[in-house]
Amino acid sequence: MRSTRVMITGVYGLIAGEVYAHLDEQPQRYSVYGMARRGQPSARAPESRHLGVPEDRFVLADLSDLGVLERSFQDIDVVVHMAADPRHDADWDSILASNITGTRHVFEAAHRAGVRRVVYASSVMVSWGYQQEEPYRSIAACRYDPSLDHKIPVVTHEWPVRPTGLYPASKVWGEALGRYYADIHGLSVLCVRIGWVNAADTPWSQPGMAPVWCSQRDTVQLVERAIGAPRDLRFDVFYAVSNNSLRWVDIEHARKVLGYIPQDSAQDRCPGP
């Protein structure tokens, strides 16, 4: 049986690079390809990391050229779509080009090229608006007292989305687009709402973020499980966070459907500023 051919867009980003490196260590299982608009690490990725994507498996392109994407996706089994403008303060023109038009091009090219699955990198920020309410507001502000033994109502993938900016709103668009391509064109689309991942790989470098922290290895695990999920799984949405004590988004759905077993956790404490 031949290896699964995986194309990772935005391969020189922080998370995409970790996914590439992990899959590339398993040549019997995966043939890994990368696409990016530059051949160097992004601002968030460690400068010291050298992926060494071979020339014959790397496509230098942005997402504006649908034809290039379609040609690049020929004979690819799974596209892991990580390329995006991840800045929370990005202006509309950048969001439109990268996260809206670019994402549409990825799905359309995958459909035209006969790709069987797209793993779409969404964000936990599609649910960020819940932090305007209790108990999520107190959790984010480091005021929540876990000794009160109040059970945190866990936000699941079935709850309404509540983006608080253009970036998470663009991720909602990507999820909806994935649903369309799954229902109308038969493409398998699995959306991964990735939590807070950082280059230092620690939950304590920013106050209030530990509840939605996801370690790099937990993120990679969930993406890999989405790549290898049963072929008849047409569409689904999963939160990618570690098993944090004040976690307010659901990971049981990912456990049940994908077999996700987080290896890391952040215990409840708030660091100083």
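This is a predicted model: local features need pLDDT of at least 70, side-chain atom pairs count only at pLDDT 80 or more; totals for chains, interfaces and linings use all residues.
Residues are numbered from 1 along each chain as its sequence is written. Local features require pLDDT of at least 70 and side-chain atom pairs pLDDT 80 or more, while totals for chains, interfaces and linings use all residues, and side-chain values use heavy atoms, without hydrogens and water.

**Exercise 1.** Determine how helices H1 and H6 pack, and which residues make the contact.

*Solution.* Step 1: helices (H or I, at least four residues) and strands (E, at least two) are DSSP runs numbered from the N terminus. H1 spans residues 14-24 and H6 residues 216-227. Step 2: axes are lines fitted to C-alpha atoms, for helices over the stretch in contact, with angles from 0 to 180 degrees between N-to-C directions. The H1 and H6 axes lie 9 Å apart at an angle of about 65°. Step 3: angles under 35 degrees count as roughly parallel, over 145 as roughly antiparallel, 65 to 115 as roughly perpendicular and the rest as oblique. H1 and H6 are therefore roughly perpendicular. Step 4: contact means heavy atoms within 4.5 Å. Leu-14, Ile-15, Glu-18, Val-19, His-22 and Leu-23 of H1 meet Gln-216, Thr-219, Val-220, Val-223, Glu-224 and Ile-227 of H6.

**Exercise 2.** Classify the packing of H3 against H5.

*Solution.* Step 1: H3 (residues 92-113) and H5 (residues 166-185) have axes 10 Å apart, at about 15°. Step 2: the two helices are therefore roughly parallel to each other.

**Exercise 3.** Identify the residues of the largest nonpolar core that touch the most other members.

*Solution.* Step 1: such a core is a set of buried Ala, Val, Leu, Ile, Met, Phe, Trp, Tyr and Cys residues joined through side-chain atoms within 4.5 Å; buried means under 20% relative accessible area, exposed over 50%, and partly exposed in between (1.4 Å probe, protein chains only). Step 2: among the 62 residues of this core, Ile-8, Val-80, Met-82, Ile-227 and Trp-248 touch the most other members. Step 3: H1 supplies the largest share, 6 residues.
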